[in-house]
Amino acid sequence: MKRKELYWALLVFLAPAVLALVVMRILPAAQALIESLFKTNVFSGEKTFVGVDNYVSLFENPDFQNTIAVTILFAFLVNPIQVFSALLLALLFVRAFPFSRLLRSLIIFPIAVPPAVAAVMWSAVYRPDGLANGILKSLGLSTQGFILDEEQALMAIIVMLSWIGVGYWMLFLIAGLNDIPDEIYEAARIDGAGYIRQTVSVTMPLLGRPLSFVLVATTISNFLVFAPVLILTRGGPVGSTSLLMYDIFLRAYSFGDIGRANAGVFILILLMVTAVSLQFFLLRKGNQQ
Amino acid sequence: MKSTKARLSFGKAVKTLLAVLLASIFMLPLLWVFSNSLRPGSETFTWLDPISWQTFFPANPNFDNYLALADTSLGQGILNSLWTTLLTLVFGLALCSGAAYALAALEFRGRQLLFSVVIFSLLIPFDAIAIPLASMFKGLGLQNTVAGLILPGVANGMAIFLLRTFFLGIPKELVEASRIDGLNWFGVFFRIYLPLSKPALVGASLILFLFQWHAYIWPLLIGTGERTLLGPIALANMKSQYAVDFGLVFAGSVLLSVIPLALILVGQKYFIQSSSTSGIK
Amino acid sequence: MKKLLKAPLQLAGLGLASALVLTGCAASTTAPSQSAEPSASEDITSQPIELAFMGPETPETFEPVIAGFTELYPNITINYEQIPFDQLATTIEQRIGSGDSAIDIYTVDQPWLAQYAAKGYLEDISYLAAEASSAMPSAMYDVNFYDEKMWALSVWNSTQMMFYNKDMLDAAGVQYPSSSPDARWTWEEIDAASKIIVDSGSAQYGYLLEQVVNYYQFQAIAESAGGGSGITGSDMLSLDLTNAGWTKALEWYQDSFANGLQPTGVGGFDTGPMFSDKKLAFFIGGPWDIGIFGGNDVNWGVAPHPYFEGGEVATPTGSWSWGLNPASKNKTAAAEFLKYATINPVGNLKTTEALTVIPANEEAAGKYLPGLESDPRSAGVSDIMLYEIQNTARTRPTTVGYVQFDSLLSVALEDIRNGAEITSRIDVLTAAIDDAWELFR
């Protein structure tokens with residue numbers, strides 16, 4: 001009886017979502033993997049099996065090598081920056097103070113803006129005659145190239161993405177912080193722990209789950225980002241913002257190079273699996289301590 | 001020793017100041033967009049260099065751009081977006097919370113495997129599989145339908161992940177006790193998990209909502225008939241080839257952003273409230 | 001972690017079989033169909049017919065031409081669907097490419113024609129060539145040909161001219177450029193005049209090309225410097241970007257930014273506002289700017305597009321054509337609409353009622369151009385445009401690899417604009433385009 005009940009429960013609760021995910025995510029991804037093993041003749045539509053040629057062709061291409069390097073660098077920069085900023089903001093806003101609710105909402109607001117509009121906004125911010133340089137000038141500082149400068153463009157994109165997402169992630173962390181019972185803080189305070197000690201010994205360990213969620217979710221979202229690159233930099237200057245997802249998008253939607261676009265998709269998925277697995281591994285290790 | 005009260009208000013004052021500074025920085029680009037929606041599009045870039053108070057506060061604000069929106073398809077687009085997003089939320093919450101529940105509360109063989117499926121689906125870039133998925137949908141006759149629009153948004157790996165994370169925190173003792181009392185798995189879901197999960201459900205709603213509200217490439221591939229023309233596409237259609245009336249586009253952007261913003265403001269309260277007040281302890 | 005990887009592998013196995021089926025369904029391109037004139041006996045006046053028309057413009061743009069056609073054929077309804085411009089190519093790829101019969105006519109950006117014709121996305125309409133030849137200037141006729149067949153009909157044309165701010169030139173003591181095409185200024189003269197104007201403080205910058213990092217704009221510069229279009233070979237899939245002409249053009253281009261004569265950072269169609277906001281003395285723009293600048297308070301005049309001293313005069317040209325979907329079920333009626341909007345001067349003129357753009361049809365253009373001089377500032381523009389269209393227009397090269405070329409070149413131009421070393425950047429560009437063109441070999 002118990003068995004049957006369990007199976008019914010699984011059917012009703014689990015089956016629909018799993019079916020949907022398999023049909024609408026896994027299957028097309030499998031199709032993409034298969035497509036990546038073929039070369040399609042653009043004119044006749046004829047498909048030829050080429051094995052790993054598409055992958056080899058990509059890896060031999062210096063532009064693609066650069067794309068991989070930039071993507072990995074980007075991941076190492078953007079994720080810690082965003083999670084750390086979200087955490088600091090969460091710590092700031094978790095206890096109420098005058099206007100905290102309003103001010104917090106203003107920081108969350110950017111996620112509500114359509115991505116294409118956000119990109120136009122930031123193109124106005126980063127223009128040589130734009131908002132950012134205007135503010136720098138009024139403070140007596142020298143103007144910067146931002147997205148026109150090879151050395152600054154990637155950080156400029158990171159700043160823009162952080163502006164969009166940090167408030168959103170902060171929300172999740174505040175929820176997690178609120179889950180920590182006051183009694184534990186009381187106990188720590190009685191033991192003489194100051195604010196920093198409390199944060200390190202009480203908050204951080206108990207924030208484990210929400211923090212892992214935010215870390216994994218941020219990492220994945222950032223690997224999939226390409227709209228700012230599409231609208232602001234198109235991979236430049238000189239390839240310094242050439243992210244893998246943008247490369248895939250360009251090949252698939254602009255160049256019609258389906259075989260290599262799909263190979264790119266698979267390489268991206270492998271990168272993400274590696275990154276996420278690494279994070280799960282490290283977090284589990286951290287939790288054991 | 002300084003009185004704790006004085007210490008606390010000083011701390012609060014510092015926090016307020018810091019928060020005001022941060023919030024202002026965050027709001028600056030948005031303020032610029034909003035102020036440009038109140039003046040003609042030809043003046044959009046006029047006030048950038050040099051920066052003056054007029055950059056953010058137009059001297060003669062007017063609502064002409066908002067009135068002009070009535071002549072575009074943005075109104076219809078927003079209505080369509082509201083409807084499809086609502087449907088996505090309803091079906092999405094049902095599907096995702098159910099799956100998260102099964103993965104958190106039920107013990108069965110292959111549980112870890114199926115959870116891995118969920119995580120793996122998260123790693124698949126949706127825009128990269130949108131083209132083959134659209135072909136599949138067309139073959140199934142879902143071209144230009146509302147169902148075609150919402151189906152991919154209904155199964156959201158991140159929402160399931162979030163809900164499962166939360167569900168795992170619900171104490172097993174509670175569940176065991178009610179099972180002993182004769183509650184079956186459906187009962188446990190509806191009577192125990194759901195009522196205790198308001199914050200997580202609000203969070204999942206936010207995830208589902210944003211995915212559907214910001215959707216751009218997918219609706220274009222599915223077809224843009226009268227019923228299926230969504231807000232972001234109506235917004236993009238306002239750009240002609242040779243010129244963009246930024247005043248108009250920004251007014252449209254403000255309208256498109258206000259709705260998710262309102263939902264976030266309202267939902268915030270429920271999302272972050274501590275679970276100690278939601279009855280678990 | 002092992003479990004994490006086991007799942008995808010198992011599922012891939014599951015997906016393999018079904019995906020193979022799906023792949024079969026999704027892929028489809030049709031071979032170019034034979035040009036068949038629809039039988040004369042097919043009657044398109046008695047039955048109600050619905051035609052689906054797809055393009056990037058707002059619906060208001062095509063209301064006049066649709067209304068005009070419906071007057072002649074009251075039984076035909078035309079449903080127009082707008083697709084945002086930056087998604088048009090993808091949508092065409094997706095829908096026409098999958099044999100979707102729900103679209104009858106769609107807009108084709110002229111440089112994309114070769115690619116679409118080669119992929120079988122356009123119906124061969126060579127039977128209309130004779131009529132087209134007498135209705136269009138030669139450039140607008142030739143541009144629709146690929147592989148010696150005609151695949152679309154030109155609706156609009158374009159050209160470029162130079163706008164200048166009279167007040168700024170007056171303040172710096174610079175003479176106005178002549179409006180006579182025979183006495184047009186050279187780029188060298190523009191540079192010299194700009195230097196004087198900027199140094200005197202009368203303007204922040206000297207000049208700006210409207211589509212400053214696009215091939216549409218840059219081709220004329222490269223051609224005038226003697227570099228040719230950059231694409232050669234019998235298959236039009238070979239690059240020639242390192243010849244003396246291209247090098248001269250690129251160096252001149254980079255120097256203009258380095259010397260502060262042209263501003264960096266502004267692109268797309270955000271360039272026009274810089275002229276309206278009185279930051280530039282000269283602006284190289286198109287007919288649509290006559291309408292746009294008509295609304296500003298700049299005291300501007302118009303002069304012909306510049307050229308390099310000792311070089312040929314070359315001007316950008318080309319715009320949109322319309323074509324038929326080979327999968328359409330209403331080809332006769334659709335072809336009639338197509339003819340009305342292009343070969344018929346009345347119909348073609350109607351396509352320009354809502355926008356400031358040059359009709360491709362020669363007779364329509366003759367009627368349209370003088371109308372652009374309603375604003376006293378645009379005096380002389382009609383003669384200038386007519387001259388360029390008939391004498392100096394260089395269409396973009398007909399190659400199936402245009403999209404890749406255009407997209408990658410644009411990024412390279414932006415880098416060169418911002419100071420990247422030219423030779424190495426062009427080498428990287430050549431390698432990238434060749435790699436992208438692997439698709440066609």
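A residue counts as buried when its relative accessible area is under 20%. Keep that cut-off in mind for the views below, which come from a predicted model.

**View 1. D435(C) and R260(A) pair up across two chains.** D435(C) makes a salt bridge with R260(A), and their closest N and O atoms are 3.0 Å apart. This pair crosses between chains, running from helix 18 (residues 422-436) of chain C to helix 13 (residues 258-288) of chain A. D435(C) has a relative accessible area of 17%, and because the cut-off is 20%, D435(C) is buried. R260(A) is buried too, at 5% relative accessibility.

**View 2. K331(C) reaches E123(C) within chain C.** Here the closest N and O atoms of the salt bridge are 3.2 Å apart. K331(C) sits in helix 13 (residues 331-342) of chain C, while E123(C) is in the loop between helix 4 (113-119) and helix 5 (129-135), so the pair ties together parts that are 208 residues apart in sequence. K331(C) is partly exposed, at 26%, whereas E123(C) is buried, at 8%.

**View 3. R425(C) and D415(C) join two helices of chain C.** Their salt bridge has its closest N and O atoms 2.8 Å apart. R425(C) belongs to helix 18 and D415(C) to helix 17, so this bridge ties together parts 10 residues apart in sequence. Both residues are buried.

**View 4. E414(C) sits in helix 17 of chain C.** That helix covers residues 402-417. With a relative accessibility of 18%, E414(C) counts as buried. Leaving out residues up to four places away in sequence, E414(C) touches L148(A) and V213(C).

**View 5. Chain A meets chain B.** On the chain A side 86 residues are in contact with 89 residues of chain B. Together the two chains bury about 8,000 Å², 80% of it on carbon and sulfur atoms. How many salt bridges cross this interface? The rule finds 1, and R179(B) and E5(A) meet in a salt bridge at 2.9 Å, N to O. Helix 1 (residues 2-35) of chain A gives the largest share of the side of chain A that touches chain B, with 21 residues.

**View 6. A nonpolar patch lies on the surface of chain B.** W83(B), L86(B), V90(B) and F91(B) make up this patch, with about 430 Å² of accessible area together. One of them, L86(B), is in helix 4 (residues 74-105) of chain B. L86(B) is partly exposed, at a relative accessible area of 46%.

Methods
Residues are numbered from 1 along each chain as its sequence is written. Chains are lettered from A and ligands numbered from 1 in the order in which they are written. This is a predicted model: local features need pLDDT of at least 70, side-chain atom pairs count only at pLDDT 80 or more; totals for chains, interfaces and linings use all residues. Side-chain values use heavy atoms; hydrogens and water are left out. Helices (H or I, at least four residues) and strands (E, at least two) are DSSP runs, numbered from the N terminus. Buried means under 20% relative accessible area, exposed over 50%, partly exposed in between (1.4 Å probe, protein chains only). Contact means heavy atoms within 4.5 Å. Patches are made of residues with over 30% relative accessible area and no salt bridge: like charges are joined within 9 Å, nonpolar side chains (Val, Leu, Ile, Met, Phe, Trp, Tyr) within 5 Å. Accessible areas come from the Shrake-Rupley method with a 1.4 Å probe; for residues, only the protein chains shown count as cover. A salt bridge is a side-chain nitrogen of Lys or Arg within 4 Å of a carboxyl oxygen of Asp or Glu. Buried area is the accessible area (1.4 Å probe) that two parts lose on being put together, summed over both.
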